[in-house]
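Welcome! Please take a moment to look over the sequence and the 3D structure before you start on the exercises.

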Amino acid sequence: MKIGLFIPCYIDAFYPKTGIATLELLEKLGQDVDYPMDQTCCGQPMANSGCNKDARETEELFVRNFSKYDVIVAPSGSCVHHIRDNFDAIEQTDAVKHIRQNTYELVEFIHDILKVREFPWAEFPHKVGLHNSCGTLRALRTASMSERNEPFFSKPMDLLSAVKGIEFAKPKRPDECCGFGGTYSVTEEAVSARMGLDKVTDHHNAGAEYIVSADTSCMMHQQGCAERNGVPIKFIHIAEILNGARA
Amino acid sequence: MSNKPVKHAQAAAEFLEDDPHRLFHDERLWDMRQKRDQQMHGMPEWQELRDRASRIKEHTLANLPTYLEQFEENARRNGIHVHWARDGAEHNRIVAEIMGKHDAKSLIKSKSMITDECEMREYLEPRGITVTETDLGERIQQLDHQLPSHVVVPAVQKLTGDVAKIFAKYYGTDPNIKDPHELAEAQREAARPVLLSGDTGMTGGNFIVAETGGFVVCTNEGNADLSSNLPNVHIATLGIERLVPRVEDLGVFVRLLSRSALGSPITQYTTHFRGPRKGGEMHVILVDNGRSDRLAMPQFWSSLKCIRCGACMNTCPVYRRSGGQSYGSVYSGPIGAIIDPTFNAKKFSTLPFASTMNGSCSNVCPVEINIHEQIYDWRRVLAEKHDIPFVKREIMKMAGRLLAQPRLYRVSIEGTEVALKTMPRFVLYNYLNPWGKHRELPHPVKETFNSWYRKNRLKTSTKKEHESA
Ligand code: SF4
C-alpha cells in the first residue's frame, strides 16, 4: 500500500512539526509514505466560501498529485471532510472517485485501516483536553456526539489511551465548535474569537495543560485566542503525541 | 423591504460587548440544549422518532396539494371558514375583511411567527385595528418595537431589568422591579382588560391535521386558549407546511416538540381545535407566502419540514453569541439562515455566512433537516448569483489561481514566513486586520514542511526510486 501524504497549507507554513510527526509516525508503523512536492491545498477555502468554481484548478492539481497513490492520508479532519464529501468542482472521473474514497484523516487511518492500538514509544505525562473538530466529530464521525442518543465512542481517545502517563481533562462543553470555521474566522471575527476564548477557557478550567486535536486549523485559532487573553494553555497535534513527543 | 444586506457580523460584535447580556443569553440557551439532551437520554426511541417525524413530513410535503384539499374539505364540514392566502398581503387583507364584517377593532393574538412574517401588525394598525400580543415574550417585543429574537422564547435577548424598563414606560410600573414573577403579574394585569374586551382572537397553529380538518396549538402560557375562546371570532393563521396527514402522527410530533424546544416533556397546553364553538365563528387562513416556491427548490425544500422548535438556535454557538436581533429577520439562527434567503436573497445574503457549518443544528433537529449542508449550498447559490461581497469574490478567485500553481504558491508561502518574522507588530495587528483584532497570529517558523522534506527526505526517496527502477 503506497500512501500519499497530504500536508495542508497552514500545517506546511505554520506547523511543520505536525507534518514531520505525521510522516515519522506512519513510517514507525511500517508504512511506505511519499510526499508529492507540488501539492498546495484541497480547494476547501474557496468551496466553503461558496466560490466552488474557483476551487476547480486547485482540485485538478490535487488529483494530478495524488491519483497515483493507493491511499491518501492527511493530519487534518476538515480537509479530509472536504475531499470526501464536497470535492465536486471538477468532473467526477474514476481518478477523482478513487481519491475521494481513499482519503483518510490520520486518526481514522490508524484506528480503522491499520488497526494499531499500541504506541510503545509514546509517553505524555500531562493532563490534556481533547478537541474534536466539527469536521471529525460530525462529518467523519470519529467520535460520538452529544447531540445524538448514541453509545460513547472516540477513535482519538482509543489511540491516546495507549500513551503512557496521559490524563484527560473533562471540559463542560466538549463538542461545542471553537469558532474557527475557515474564512468565518475573519468574516465574523468577533463571534469567532469569542467562541475561541470560551473554548480554551473551558479546557483551562477543567485543568488541561494542553489541548490536543487532530485538526491544526482549530488549534491555530484557539492558540491565537489563548495568547491574546493570557490563558495559560499549550497546544499539540495528536500526531506529535503518538509519535513520542514528551512536551 | 429594503434590499441592503443585513450586517450580522457587526450587530453580533455589538451584542458581545455587553457582558451581562452575552453571558445570560449563552447560558440560558445552553441550559435549554442540555435539558433537551436529558429528555433525549430518557427516550431510547429518540432516533426512531426523528426518522419517523422526518418521513411523515417528507411524505406530506410530497403530497401537499392532496392533503391540503383533504384538510379544507374536512374543515368546512366542521363549520370552519377556510381561506387561502398566496402571500402576506393577501393574508392581511383577509384578516381585515373578516374583522370589518364584524365591525371589530381589537385583535388579541397568541404567538405566531407567521403573522410577523406577513407584517400583519404594520398593515392592520393604520387601519384602526389594535393588535395585542398575549404571549409574554412576544408582548415585550411588541412594546419594544422589535422582531422576535427566538421562535420559542421571543424576548430571550432581554434581561429582567430591560423588561422592567419597558413595562415602566408602557404600564407605569416600577422600573426597578427585579422579580420576573412580578413582571409577569404586571403583564397579566395590563392584558386582562384588553383580553376581555377583544372582539377577535387570533392564534397560529403548530400542526394541521388533514384527516380531521382540525389543528393543534401548543403553548406554555395558555394564552392561545384565551385568545381563541374569549372573543366570538377566532382566526387561525396557518402556514401550509404545518400539515400532517393523520391524528396519530401527532403522537410523534407532540413528543418531539417541547422536548427539543425547552427540554420539557410536553407544553403546558396542547389545544386541539376542530370547529367553532356554539354561536362563534372560526376562520382558518392557509398561507403560502413563498412556501410552494421553496418546495420547488431541489436543495432547500426540506427546510419546510421545520416544526419551529428552536432547538437549532439553542445549540448554535454562533446564534448564542450573536443574539436573534443580529439576523434582522423574523426567523433567526440556523433555520433563519436557510429560509430567510428564500424571502429575499440579497437582504439575507449574509446569513448563510454567519455560521461555522459545525453541524450541531442538523443533529439536534427533530425532523432531521440537513441545516448545515443547506447553509453550504446557499453559499454556492449566493456566490453564483454574485450576492456576496465583491472583495471576497476577488480574493477567492486569486486564491484559487494561486493554489493551482505550485511554484508560484511556494514563492508566496515562503514569503508569509518572512513577513511574519520581519513585519512590525502594528502592521499585522491594525484594525483592518480582522484576524489580529482579538487573536494572536501563528508563530513564524524557520522552514516550511515542504522545504524540510526537500532537505531531509527528497534525496533518499529519489535514491529509493532509482534503486527500485
Ligand atoms: S430547523 Fe429543526 S431544530 Fe430548527 S426550529 Fe426547525 S425543527 Fe427545530
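This is a predicted model: local features need pLDDT of at least 70, side-chain atom pairs count only at pLDDT 80 or more; totals for chains, interfaces and linings use all residues.

Residues are numbered from 1 along each chain as its sequence is written, chains are lettered from A and ligands numbered from 1 in the order in which they are written, and side-chain values use heavy atoms, with hydrogens and water left out.

**Exercise 1.** Describe the extent of the interface of chain B and chain A.

*Solution.* Start with contacts, meaning heavy atoms within 4.5 Å: 77 residues of chain B touch 73 residues of chain A. Next comes buried area, the accessible area (1.4 Å probe) that two parts lose on being put together, summed over both. Here it is about 6,400 Å², and carbon and sulfur atoms give 57% of that. Finally, look at B:Met396, B:Arg439 and B:Phe449: they supply 12% of the area that chain B buries against chain A, more than any other three residues.

**Exercise 2.** Find the polar links between the two chains, B and A, and the helix of chain B that gives the most residues.

*Solution.* First, salt bridges (a side-chain nitrogen of Lys or Arg within 4 Å of a carboxyl oxygen of Asp or Glu): the rule finds 11 across this interface of chain B and chain A. You can look up B:Arg321 and A:Asp198, whose side chains form a salt bridge at 2.8 Å, N to O. Then turn to helices, which are DSSP runs (H or I, at least four residues) numbered from the N terminus. Helix H2 (residues 19–41) of chain B contributes the most to the side of chain B that touches chain A, with nine residues.

**Exercise 3.** Which domains does chain A have, and how do they meet?

*Solution.* Begin with the bounds, which come from an automatic or database domain assignment: domain 1 covers 2–114 and domain 2 covers 127–242 of chain A. Their centres, taken over C-alpha atoms, are 21 Å apart. Now count contacts: 25 residues of domain 1 meet 20 residues of domain 2 in chain A. About 1,900 Å² is buried between these two domains of chain A, with 67% from carbon and sulfur atoms. On the domain 1 side, A:Tyr15, A:Val107 and A:His111 lose the most area to domain 2 of chain A, together 28% of what that side buries. To finish, the rule finds two salt bridges across the interface of domain 1 and domain 2 of chain A. The side chains of A:Lys17 and A:Glu240 also meet in a salt bridge, at 3.9 Å, N to O.

Notes:
A polar contact is a pair of N or O atoms within 3.5 Å; within protein, one must be able to donate a hydrogen and the other to accept it, and residues adjacent in sequence count only if both atoms are side-chain atoms.
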